[in-house]
Amino acid sequence: MRKGLLVLAVIVLATGIVAVASAAASASVTLDGSFKTVIVKPNFTGLCPSGVADECGTMQLVGLGAADWAYVFGPTFDPDGRCFDVDGTLTITLHSDGSMISGPLTGLFCPLASATGHDHSGAISFGNPFVEDDNVAFADGTGQFDGLSGTASFHSFSAGALFSGTLKDILSG
């Protein structure tokens, strides 16, 4: 009888450990997203509705679907070699259920040389290309992001009419 109770206790304990491990494992969300937009200059008025953000768009997040992203520029635009230190806020909102997470952004904006942009004097050019690499300290989300936090890598690139970027992180809580 004691042996049977001992076996039962071990099974219950092992099941509880697995349940706790499963709950802990599900307390994370992987952000693996990308976007690519082609901007047609004659019709271009901006990607963001007035006053919403300085840069924005829709990205596809693996396993989460489409999400709106909005980058509000901060006051920092300080020279750092040939680049500039930047700051701001990045917000991600899932289309599926409205889950949202936001956080302060810091990074490095680097304009790239563009002979084409100068040669054509802007007549057909969209301006000089750039690369921006940022870190975003996400926290205090809602819905699927509730209680999660993490530091994401946000990379954006523009050349000609192409504007693209990626977002990578594992949020955990």
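**Ground rules.** The model is predicted: local features need pLDDT of at least 70, side-chain atom pairs count only at pLDDT 80 or more, and totals for chains, interfaces and linings use all residues. Residues are numbered from 1 along each chain as its sequence is written, and side-chain values use heavy atoms, with hydrogens and water left out.

**Exercise 1. Trace the barrel and the partners of β8.**

Step 1. Follow the strands. The 8 strands close into a barrel in the order β1-β2-β3-β4-β5-β6-β7-β8, with antiparallel pairing. Two strands pair if DSSP finds at least two bridges between them.

Step 2. Take one side of β8. β1 and β8 pair in the antiparallel sense over 11 bridges. Here Thr 37 stands opposite Phe 163 in β8.

Step 3. Take β7. This strand pairs with β8 over 7 bridges, again antiparallel. Ser 158 has Phe 163 as its bridge partner in β8.

Step 4. Look at the turn. The hairpin of β7 and β8 has 2 residues between the strands, and Gly 160 takes a positive phi near 60° there.

**Exercise 2. Which residues touch the most other members of the largest nonpolar core?**

Step 1. Define the set: buried Ala, Val, Leu, Ile, Met, Phe, Trp, Tyr and Cys residues joined through side-chain atoms within 4.5 Å.

Step 2. Read off the answer. The core has 27 residues, and Leu 90, Phe 138, Phe 154 and Leu 167 touch the most other members.

Step 3. Ask which strands contribute. Those giving two or more residues include β1 (28-38), β4 (83-94) and β8 (162-172). β4 gives the most, with 4 residues.

Step 4. Zoom in on Phe 138. Contact means heavy atoms within 4.5 Å. Leaving out residues up to four places away in sequence, Phe 138 touches Leu 31, Leu 90, Ile 101 and Leu 167, among others.

**Exercise 3. List the disulfides and describe each.**

Step 1. Count pairs of cysteine sulfur atoms within 2.5 Å. The search of the whole structure gives 2 disulfides.

Step 2. Describe one pair. Cys 48 and Cys 56 have sulfur atoms 2.2 Å apart. Cys 48 is buried at 18% relative accessibility, and Cys 56 is buried at 6%.

Step 3. Describe the other. Cys 83 is joined to Cys 110, S to S 2.0 Å. Cys 83 lies in β4 and Cys 110 in β5, so the bond ties together parts 27 residues apart in sequence. The S-S torsion is about 110°, so this disulfide is right-handed. Both cysteines, Cys 83 and Cys 110, are buried.

Step 4. Write the pattern. With bonded cysteines counted along the chain, the pattern is 1-2, 3-4.

Key: Buried < 20%, exposed > 50% of the residue type's maximum accessible area, 1.4 Å probe, protein only.
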